[in-house]
Amino acid sequence: MTFSELALHPALLASLPATLQTPTRIQQLAIPAALAGQDLLALAQTGSGKTLAFGMPLLQRLDPASSQVQGLVLVPTRELAIQVTVALKEGAEALGPQLLVATPGRLRDLLTQQLLGLDGLQLLVLDEADRLLEMGFAPDIKALLGFIPADRQTLLFSATLPAELEELANGLLREPTRIEATPLNSVVNEIEERLYLVNKSSKVPALISLLKEQAWPQVLVFISARDDADGVARKLAKAGITVAALHGEKEQAVREQALGDFKEGKIRVLVATDLMARGIHVEALPVVINLDLPASAPVYVHRIGRTARAGREGLAISLVCHGESDMLQAIRTLTGRELPLGDLAGFPVTDQPASGEGKRPPRDKQANRRTQAKRSVKQFKGKR
């Protein structure tokens with residue numbers, strides 16, 4: 001199948017990159033349904049072409065003669081908003097409809113201050129809907145619905161489908177068409193996953209060792225705590241590796257500079273938190289490394305989906321310590337993958353798995369509580 005077989009406007013077809021001829025599976029399934037005016041619950045892996053899957057029918061269904069905002073795309077981060085805007089810019093300029101791409105919190109502020117109106121909205125898209133909920137945007141989304149006409153078309157796109165998202169979808173969508181371009185919560189076949197068991201204290205040295213041994217031109221390193229991102233970046237820089245850290249505490253201009261330098265290849269490694277990495281789209285990004293496992297299993301799917309995009313191959317490495325066994329099991333359960341732990345040469349594991357027992361035997365704890373009770377009683381006895 002080609003894009004020309006999807007009943008798309010000639011101007012939209014002309015706006016597509018010359019290298020893009022064959023639509024991905026999510027595009028083949030979603031575009032005809034969206035063009036027909038149906039509400040959609042579309043599930044597809046990160047990097048499978050979701051932006052064009054909702055963007056092209058969105059642009060085609062809007063009236064260019066209207067001066068009102070007719071289309072709204074909600075995304076979890078500013079960086080992703082920029083990415084979506086860039087992807088749809090040429091098509092939007094070719095047809096000329098009023099389209100808004102925004103984060104929920106910022107949009108809610110603008111609407112509350114009456115700086116913007118959505119009375120003419122025709123089509124609503126929630127992109128990366130699972131991340132929107134995970135990042136706490138559910139109250140904002142519910143508030144936004146008060147500013148949006150109930151008579152609209154809604155498209156919900158997500159890589160995973162947690163129970164909270166299914167509940168939200170039931171309230172947002174009207175008799176939706178459900179599309180699963182790939183098995184739910186799955187990982188693309190082009191991603192090779194390697195997981196190494198290391199001591200917790202060995203994670204950064206192991207990361208440095210991997211970066212020095214391999215000639216990967218670009219590496220995206222995920223870390224959960226933003227405070228640690230700067231510390232890890234400093235250690236990598238001290239080891240002679242060109243690196244930048246990306247997290248929400250940095251100024252917007254600094255974040256944009258770091259992301260721009262990474263995309264242009266001026267720096268080799270970008271250490272990013274989950275929140276900031278949502279807008280990172282680098283063509284042919286070869287490697288993603290999890291310096292720690294995320295507390296939420298669906299985030300793992302999103303993280304490693306930064307590589308192997310658009311059918312390319314990629315490598316996802318995770319450095320795992322004994323303390324992350326519960327997180328690893330949750331990821332295995334979600335993805336249905338075995339994800340065996342291997343040994344990393346030069347980094348023997350000396351840490352012991354948690355036994356689940358406290359530092360003192362139970363009877364010692366009981367004795368301690370009795371002693372404390374006696375002291376408490378004495379405090380209430382008067383002096384003689």
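Q: Hi! Before we dig in, what counts as a helix or a strand here?
A: Helices are DSSP runs of H or I with at least four residues, strands are DSSP runs of E with at least two, and both are numbered from the N terminus. Also keep in mind that this is a predicted model.

Q: Good to know. How many helices and strands does the protein have?
A: There are 14 helices and 13 strands in the protein.

Q: And how much of the protein counts as buried?
A: Of its 384 residues, 50% count as buried.

Q: What about contacts in the protein, what share join residues at least 24 apart?
A: That share is 78%, taken among contacts between residues at least 6 apart in sequence.

Q: Let's zoom in on Asn199. Where does Asn199 lie?
A: You'll find Asn199 in the loop that links β7 (191-197) to α9 (203-213).

Q: Is Asn199 buried or exposed?
A: Asn199 is buried, because its relative accessible area is 7%, and the cut-off for buried is under 20%.

Q: Which residues does Asn199 touch, leaving out those up to four places away in sequence?
A: Asn199 touches Cys321, Pro348, Val349, Thr350 and Asp351. With Thr350 there is a polar pair too: a polar atom of the Asn199 side chain sits 2.9 Å from the backbone nitrogen of Thr350.

Q: Nice. Switching to helices, how do the axes of α2 and α3 cross?
A: The axes of α2 (residues 25-35) and α3 (residues 50-61) come within 9 Å of each other and cross at roughly 20°. The two helices are therefore roughly parallel, as angles under 35 degrees count that way. The crossing of α2 past α3 is right-handed.

Q: Which residues in α2 and α3 meet?
A: From α2 it's Ile26, Gln27, Ala30, Ile31, Ala34 and Leu35, and from α3 it's Lys50, Leu52, Ala53, Pro57, Gln60 and Arg61. Sorted by class, this contact has 8 nonpolar, 2 polar and 2 charged residues.

Q: And which residues in α2 are buried?
A: Ile26, Gln27, Ala30, Ile31, Ala33, Ala34 and Leu35 are buried in α2.

Q: Why would residues three or four places apart in an α-helix point the same way?
A: An α-helix has 3.6 residues a turn, so residues at that spacing end up pointing the same way.

Q: OK, and what do the buried residues of α2 pack against?
A: They pack against β1 (40-43), α3, β5 (153-158) and β6 (177-180).

Q: What's the phi of Gly37, the glycine that follows α2?
A: Gly37 has a positive phi, near 85°.

Q: Is Ala7 buried or exposed?
A: Ala7 counts as exposed because its relative accessibility is 57%, and the cut-off for exposed is over 50%. Ala7 sits in the segment before α1 (10-15).

Q: Back to helix pairs. At what angle do α4 and α11 pack?
A: α4 (residues 78-95) and α11 (residues 252-263) pack at about 55°, and their axes are 12 Å apart. That makes α4 and α11 oblique to each other, and their crossing is right-handed.

Q: Which residues meet in α4 and α11?
A: Arg78, Glu79 and Ile82 of α4 meet Gln252, Arg255, Glu256 and Leu259 of α11. By class, the contact has 2 nonpolar, 1 polar and 4 charged residues.

Q: Last one: what does Leu165 touch beyond four places in sequence?
A: Leu165, which lies in helix α8, touches Ala129, Asp130, Leu133, Leu156, Ser158 and Thr160. Leu165 and Asp130 are 35 residues apart in sequence, with their C-alpha atoms 6.2 Å apart in space. Leu165 is buried, at 0% relative accessible area.

Q: And Leu172, what is Leu172 in contact with?
A: Leaving aside neighbours within four places in sequence, Leu172 is in contact with Asp39, Leu126, Leu145, Arg152, Thr154 and Leu156. Leu172 belongs to helix α8 (residues 163-172) and is buried, with a relative accessible area of 4%.

Terms used
Residues numbered from 1 in each chain as written. Predicted model: local features only at pLDDT ≥ 70, side-chain atom pairs only at ≥ 80, totals over all residues. Heavy atoms only, no water. Buried < 20%, exposed > 50% of the residue type's maximum accessible area, 1.4 Å probe, protein only. Polar contact = N/O pair within 3.5 Å; in protein donor to acceptor, adjacent residues only side chain to side chain. Contact = heavy atoms within 4.5 Å. Axes fitted to C-alpha atoms, helices over the stretch in contact; angles between N-to-C directions. Parallel < 35°, antiparallel > 145°, perpendicular 65-115°, else oblique. Left-handed = near helix turned anticlockwise from the far one by under 90°. Nonpolar A, V, L, I, M, F, W, Y, C, P; charged D, E, K, R; others polar.
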